[in-house]
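Subject: Structure handover

Hello,

Please find the structure below, with notes on what was found in it. The notes cover the sheet and its helices, then the aromatic rings.

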Amino acid sequence: MNNFSELVREERPDYKVYNSGFDSLNSVELISLIIGQGKSTHAAMQQARQMVNICGGSLRDIATRRAEELQVVQGVDPKKAMTLQAAFELAKRIEREAAADRPSFRTAEDVWRYFRPIVGTADHEEAHVLLMNNNFKLIKAVKLSSGGLTETAVDVRVILREALVNNATTLTLIHNHPSGNPCPSRDDDRITTTLKQACSTMRLYLIDHVVVTDSTYYSYSEEGKL
């Protein structure tokens, strides 16, 4: 029988952490460290693996299980279950803190102030999209293209995929005009219309398309064109 104690030192989760950090561990190894509590590392690995398997490999599923549900795994007592739940609760609180620190983009000026140092003085066009929640808090900013704004460069499918994967509900499209003139072109209008229609189909809300320059901006929303 290949017991964990027989494994070479380099394969132990604690040794991996010391040498490569927590990022080097898979979910089973991480959970085994949490519930190990100084006992047999081999047993902790077995318990962690069984727990992950029962929950279909989903950490979200494990995090939502009640303590008694976690104790169906042989060797997982109330103390181990509580320790694992405490770890997940800390992760939730970290996520809430991170969410509170995310910038809010309620107005076109908020968008302009955020992107002005990024693209305001660029000598080429760039397109970006802000993915946000219902409170206009940033979830993710995605760079779509560099070098020009066309329907090919701004792929609506990419925008929708990113929004769905990141659980975003509201979006703002941004691009810059190196000329310094914020007035949109016909291509800008066409892309805005196409994206708005696609978002409506997917029950997403395109709140604005902001054209950024170093000194000012143009907002489709403020101009009543959305």
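Contact here means heavy atoms within 4.5 Å. Helices (H or I, at least four residues) and strands (E, at least two) are DSSP runs, numbered from the N terminus. Axes are lines fitted to C-alpha atoms, for helices over the stretch in contact, and angles run from 0 to 180 degrees between N-to-C directions.

The model is predicted: local features need pLDDT of at least 70, side-chain atom pairs count only at pLDDT 80 or more, and totals for chains, interfaces and linings use all residues. Residues are numbered from 1 along each chain as its sequence is written, and side-chain values use heavy atoms, with hydrogens and water left out.

The sheet

Two strands pair if DSSP finds at least two bridges between them. Five strands make up an open sheet with mixed pairing, in the order β2-β1-β3-β4-β5. β2 (138–146) and β5 are the edges; each has a single partner strand, so one side of each has no neighbour in the sheet. On average, neighbouring strands of this sheet are turned by 20 degrees against each other, direction ignored.

Strand β4 (residues 205–212) pairs with β5 in the antiparallel sense, over three bridges. Val210 has Ser219 in β5 as its bridge partner.

Helix α8 (residues 156–165) lies across β1 (126–132), β2 and β3 (170–176), and runs at about 160 degrees to β2. Helix α9 (residues 186–201) lies across β3 and β4, at about 160 degrees to β4.

The aromatic rings

Rings of Phe, Tyr and Trp (its six-membered ring) pair if their centres lie within 6.5 Å; planes under 30 degrees apart count as stacked, over 60 as edge-to-face and the rest as tilted. The count is four aromatic pairs. One of them joins Phe105 and Tyr114 edge-to-face, at 5.0 Å centre to centre and 90 degrees between the planes. Buried means under 20% relative accessible area, exposed over 50%, and partly exposed in between (1.4 Å probe, protein chains only). Phe105 is buried because its relative accessibility is 2%, while Tyr114 is partly exposed at 31%.

The pair of Trp112 and Tyr217 is tilted, because the ring centres are 6.0 Å apart and the planes stand at 40 degrees. Trp112 is in helix α7 (residues 108–119) and Tyr217 in strand β5 (residues 217–219), so this pair ties together parts 105 residues apart in sequence. Trp112 is buried at 11% relative accessibility; Tyr217 is partly exposed at 21%.

Ring pairs also link Phe105, Tyr114 and Phe115 into a cluster.

Regards
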